[in-house]
Amino acid sequence: RPGPPCTRISPRRRIASIVLAASRGKQLAELTQDKPKCMLDVRGEPILKRLVRSLHGAGSDDVTVVGGYKHEAITLPDVRKLVNDKHECTGELASLACAADRLKGECIIAYGDILFRDHVLGLMLGSKGDIVLVADANRPDPALRPAADLVACSSACTPEHLIHDQPVDLVEIGGKLDWQKAHGEW
């Protein structure tokens, strides 16, 4: 008989989530003229709404969204909204600093413009590391994304090893990482 969904965490475990959603996404031009990229529609729902639903589904009911550009467009229920007023001249770290008081205990930090399958959260929450980073092993084309946030790991993700039985350590991270050494994008 089937058990509970694998992405639901223990009810005694309290996990907060911080979603960084302050940027416009200038490369999206007129699509983000009136709203931040986190509120772009994907199959009838804003990206951020999908992300918040996934976080809630994994048991993280304490979700804080740090908005910035056109933050008024972020009108989701069941989230705490903070604003990075200096979003135009700062980056993700400044947005995270806006929510510094929320960084207590276990915490998921996510970008507001990402889509992933719910089982990814389950795998992450089931990991034993103090800090767990999820990276997309489908690296972007360097010609299309020359400044991607790349990672090199102790073991590459291959079709034969989509889910590793052993811990995979982060070896190097950064936009200046050689594409040939990279195993994914964070």
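Reader: Why is Arg53 called partly exposed?

Author: Arg53 has a relative accessible area of 43%, and since buried means under 20%, exposed over 50% and partly exposed in between (1.4 Å probe, protein chains only), Arg53 is therefore partly exposed. This is a predicted model, in which local features need pLDDT of at least 70 and side-chain atom pairs count only at pLDDT 80 or more, while totals for chains, interfaces and linings use all residues. Residues are numbered from 1 along each chain as its sequence is written, and side-chain values use heavy atoms, with hydrogens and water left out.

Reader: What makes the contact of Glu45 with Arg53 a salt bridge?

Author: The closest N and O atoms of Glu45 and Arg53 are 2.8 Å apart, and a salt bridge is a side-chain nitrogen of Lys or Arg within 4 Å of a carboxyl oxygen of Asp or Glu, so the pair qualifies. Glu45 also meets Lys49 in a salt bridge, at 3.9 Å from N to O, and a network of salt bridges links Glu45, Lys49, Arg50 and Arg53.

Reader: Is Glu45 buried or exposed, and how do you know?

Author: Glu45 has a relative accessible area of 16%, so it counts as buried, whereas Lys49, at 38%, is partly exposed.

Reader: What does the salt bridge between Asp62 and Arg80 tie together?

Author: The side chains of Asp62 and Arg80 meet at 3.0 Å, N to O.
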